[in-house]
Amino acid sequence: MTPDPVSDFALAAKAAVAELDAYLRSAIAGEGPVVRLRPLREIAEGLDLERWIRRGGLGGAVYRDFLASYLETTTRLPHPGYMAHQVAVPLPQAGLAGLVDAVTNNPMAIYEMGQGASAMEFTVLNWMLQKLGFATMPWPGEGVPAAERGGGVLTHGGSLANLTALLAARARVAPELWRSGGHGGLAILVSPNAHYAIGRAAGIMGLGLDGMETVAVDARGVIDPAGLEAALERLRGRGRRPLCLVANACSTAVGLYDPLPELADFCERHGIWLHVDAAHGASALLSRDTRHLLDGVERADSVVWDTHKMLQTPALCAALLVRRAADLDRTFQQEASYLIHDKHQPGIDFLHRTLECTKAGLGLKVFTVLAAAGEAAMGEHVAACYRLAHRAWELVGERAGFEAPVQPQANILCFRHGEDDALQLRIRDRLLAEGRFHLSSTVYRGARYLRCVFMSPNTDESIVEAMLDAIEAAAASDG
Ligand SMILES: *Cc1c(COP(=O)(O)O)cnc(C)c1O
């Protein structure tokens, strides 16, 4: 008997929900390891992956057992000991959005392929534009000249959003390059602590390493406004002209915010595009306690804001927001006649604003999360994560043998035990093997540090204390 695919789906989905419910409860309670690293081959063979592909039939009643085995291989983000990477612990309701998006599959880059998801993207973008202090997009067909208003688009991740931002800047500064190609003698002014996505974008755009002019930073690694004029001189001395200045809000390694008002002053003085890479840190706009960190962002030309970091949205979802919609509308100056043509429609297409052609219903995901939590609770989540990093910094300071090089501004804390670089990695490995705590590690000012990113509503001060105890124990038994 051939199973009916729809009832098969319903059966498997019901089992999956029960399994995921148990998963969430056990992970949040801190039962079992946060992660257990095993060899890839062992996992592939244990799950019998090849055989499933050859034979098919993974559905219905058998799905539950398989899912239970798969969940054993996951890094359990809701576990209180998860403090490793800048990846959201999703609001459980986000799972529903993922399910609905997958079942309906409305890739809404053109309006006729996903009207509700388009309306959600439009609404979420306007909400973000307001938070930034940019003008919102008018309703389609309202007759308001949209070009001078703000604009934006949701994309699959901050890396793509940053590339699009640099392309938007280029379309403004040197529109002829779309046809002629080449770097046109452009270079970006950039912090040495920018995310590597910026360097990759510059590489993709053909700017080369010569097209990246590093600006001076202070002792903490934050852009020093006093060094900007000299950086511009150096850039010009090499026969280049500025494409944009890229600011961090906040930086990846230690989570520090560049001084946006001073950077905006400099950019205004010289007519330079200001791009604020706020992939991680823009969500601080949602809380009265943390909003000040982004003072001056309203003067940026473009801003990247990931929702899959601090807004509890599952990967991937990022926003690129621009002060003038026209800048984004002319970024990709191509025509795809079968998609982009004069058509009478009651909505808008986002296709011309993104690198993606087919694009998931990202607006559905982020809307579902925001609507479940409400913006005030989401702001409190961000502020609580930031507060916990600050508290952890104090706790580290109270213990002998520990050192934290910078006071955190966001939810990222770097610290170390002792002076030995290699010891930090051994401590991390030891903690991973024990399975109670998952930390990351970074190099900061030439030295190796342990790094905590507090992303989880399930992590609190007592977990931090227990983590520091575990580090002391690991260091004591080292060697
Ligand atoms: C995470 C991050 C990125 C990269 O974004 P993805 O969504 O991971 O592609 C870029 N810049 C900053 C500052 C980030 O924190």
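An oxygen atom of the ligand lies 2.9 Å from an N or O atom in the side chain of H308, and an oxygen atom of the ligand is 2.8 Å from an N or O atom in the side chain of K309. A backbone N or O atom of G158 is found 2.6 Å from a ligand oxygen atom. Such pairs are polar contacts, meaning N or O atoms within 3.5 Å; within protein, one atom must be able to donate a hydrogen and the other to accept it, and residues adjacent in sequence count only if both atoms are side-chain atoms. The ligand is surrounded by 14 residues, of which G158, S159, D277, D306 and K309 are the closest; a residue is near a molecule if one of its heavy atoms lies within 4 Å of it.

The model is predicted, with pLDDT of at least 70 needed for local features and 80 or more for side-chain atom pairs, while totals for chains, interfaces and linings use all residues. Residues are numbered from 1 along each chain as its sequence is written, and side-chain values use heavy atoms, with hydrogens and water left out.

D301 is located in the loop between β5 (274-277) and β6 (302-306); helices (H or I, at least four residues) and strands (E, at least two) are DSSP runs numbered from the N terminus. With a relative accessible area of 7%, D301 is buried, where buried means under 20% relative accessible area, exposed over 50% and partly exposed in between (1.4 Å probe, protein chains only). The D301 side chain reaches the backbone nitrogen of L274 at 2.8 Å. Neighbours within four places in sequence aside, D301 is in contact (heavy atoms within 4.5 Å) with R172, I272, W273, L274, L321, V322, R323 and R324.

L274 also belongs to the largest nonpolar core, which has 80 residues; L189, L245, Y257, L274, V276, L294 and W305 touch the most other members. A nonpolar core is a set of buried Ala, Val, Leu, Ile, Met, Phe, Trp, Tyr and Cys residues joined through side-chain atoms within 4.5 Å. Helix α6 gives the most to this core, with eight residues. Beyond its neighbours within four places in sequence, V276 is in contact with A247, A249, L260, V297, A300, S302, V303 and V304. A second, separate core of 25 residues has L388, A389, V396 and F437 among its members.

Six aromatic pairs are present in the structure. Rings of Phe, Tyr and Trp (its six-membered ring) pair if their centres lie within 6.5 Å; planes under 30 degrees apart count as stacked, over 60 as edge-to-face and the rest as tilted. F122 and W139 are stacked, at 5.5 Å centre to centre with 25 degrees between the planes. This pair links distant parts of the chain, 17 residues apart: F122 is in helix α6 (residues 115-132) and W139 in the loop between α6 and β1 (151-155). F122 is buried at a relative accessible area of 6%, whereas W139 is exposed at 57%. The F402 and F415 rings form a tilted pair, with centres 6.2 Å apart and planes at 40 degrees. F402 lies in strand β8 (residues 402-403) and F415 in strand β9 (residues 412-417), 13 residues apart. Both F402 and F415 are buried.

Charged groups also sit over rings, which requires NZ of Lys or CZ of Arg within 6 Å of the ring centre and within 35 degrees of the ring normal. The charged end of R51 is 5.1 Å from the ring centre of W52, and R416 lies over the face of Y449 at 5.1 Å from the ring centre.
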